[in-house]
Amino acid sequence: MTDTSPIRPVRYWDGVPVPFITAWSKEEIPTQELVKVHRSSATFLGLQDETDVERQFGVSWMRMPATRGGRPQPGLVHALRQRQAMNRMLCQLCGGPTVGSRKDEWTLFLAADADGHPLLNGERTESPPVHAVCARLAVEHCPPLRHRGWTAALVRHTPIWGVAGHLYDPLTLDRLPSAPQHRDGMHRVPFADTPRLRWTLAARLIITLEGVIPVTDLDALADEETEAIRARSEGGGCSLLR
Ligand SMILES: [Zn+2]
């Protein structure tokens with residue numbers, strides 16, 4: 001790939017690619033210093049000495065160092081990199097932009113396929129998009145995808161839906177338990193649910209997948225993508241002049 005390629009170098013650990021959104025051992029989550037914020041006749045949850053970057057989409061975001069040091073923590077998602085990837089449509093494996101990596105406006109999503117279900121129209125996801133080249137690398141080398149299978153789809157629209165995060169009691173600021181099906185202890189809160197959003201410390205941005213076409217041939221998509229990137233780096237439509 002060229003320097004202008006949207007495909008970034010992928011990090012490896014023990015011969016296995018480590019996704020951009022995976023947390024590393026030196027990115028331990030510190031104690032979150034929570035406060036009640038009183039502003040414009042409203043009271044809501046905030047972080048002590050909160051910066052603008054720590055409050056986005058009308059909600060405070062979990063503090064977490066971003067060093068990518070130590071060892072990767074498979075299955076643990078880094079709150080800031082996941083939000084960046086979702087918000088800017090960055091590839092969850094390499095961290096490069098997925099917008100513009102295809103000739104059309106569709107974006108590729110890849111998920112573990114534990115139950116044999118394809119990605120569905122209207123489905124919500126916390127899993128950012130992926131380049132086709134990176135998806136092919138992931139299904140070849142990432143243990144969960146190799147062992148449990150995978151499902152992929154091209155998606156036309158990806159509106160933001162809400163956040164996954166910890167919900168706190170407005171009076172005591174004690175963390176409230178989540179529904180039993182969410183074993184990560186987090187609540188899924190839509191942006192429309194202002195009362196709950198006010199007392200949520202967000203850790204992941206959730207989007208909705210709209211206009212979904214299932215994909216089974218990642219090789220063909222990866223070849224298309226490589227060709228589209230090459231054509232763009234060579235000047236695209238100017239090739240008629242050569
Ligand atoms: Zn990528």
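Biologist: How many helices and strands does the protein chain have?

Modeller: There are five helices and 15 strands in the protein chain, which is a predicted model. Its radius of gyration is 19 Å, close to the 18 Å from the globule rule for 242 residues, so the chain is as compact as a globular protein of that length.

Biologist: And what box do the C-alpha atoms fill?

Modeller: Roughly 70 × 40 × 35 Å, along the principal axes.

Biologist: What share of the 242 residues is buried?

Modeller: Buried residues account for 44% of them. The accessible surface of the chain is about 13000 Å², and carbon and sulfur atoms hold 52% of that.

Biologist: How many positive and negative side chains are there?

Modeller: The chain carries 28 positive and 28 negative ones, with the centres of the two sets 3 Å apart.

Biologist: Contacts next. Of those between residues at least 6 apart in sequence, what share joins residues at least 24 apart?

Modeller: That share is 75%.

Biologist: Now the hairpin. How do β4 and β5 run, and how many bridges join them?

Modeller: They run antiparallel, and six bridges join β4, residues 34-39, to β5. R39 stands opposite A42 in β5. Two residues lie between the strands, and S40 takes a positive phi near 50° in this hairpin.

Biologist: Is β5 mostly covered or uncovered?

Modeller: Mostly covered: strand β5 spans residues 42-47, and five of its six residues are buried.

Biologist: Where is D49, then?

Modeller: In the loop between β5 and β6, the latter being residues 55-56. D49 counts as exposed because its relative accessibility is 64%, and the cut-off for exposed is over 50%.

Biologist: What about R68, what is its phi?

Modeller: R68 has a positive phi of about 55° and is not a glycine. R68 sits in the loop between β7 (59-61) and β8 (72-77).

Biologist: Buried or exposed?

Modeller: R68 is buried, because its relative accessibility is 17% and buried means under 20%.

Biologist: Last one, E225. Which element is E225 in?

Modeller: Helix α5, residues 218-233. E225 has a relative accessible area of 2%, so it counts as buried.

Biologist: Which residues does E225 touch, leaving out those up to four places away in sequence?

Modeller: E225 touches I7, S101, H131, A132 and V133.

How values were computed: Residues numbered from 1 in each chain as written. Predicted model: local features only at pLDDT ≥ 70, side-chain atom pairs only at ≥ 80, totals over all residues. Heavy atoms only, no water. Buried < 20%, exposed > 50% of the residue type's maximum accessible area, 1.4 Å probe, protein only. Helix = DSSP H or I, 4+ residues; strand = E, 2+ residues; numbered from the N terminus. Pairing = 2+ DSSP bridges. Rg over C-alpha atoms; globule rule 2.2 N^0.38 Å. Contact = heavy atoms within 4.5 Å. Areas by Shrake-Rupley, 256 points an atom, 1.4 Å probe, with all protein chains shown as cover. Lys, Arg positive; Asp, Glu negative; His and termini not counted. Charge placed at Lys NZ, Arg CZ, Asp CG, Glu CD.
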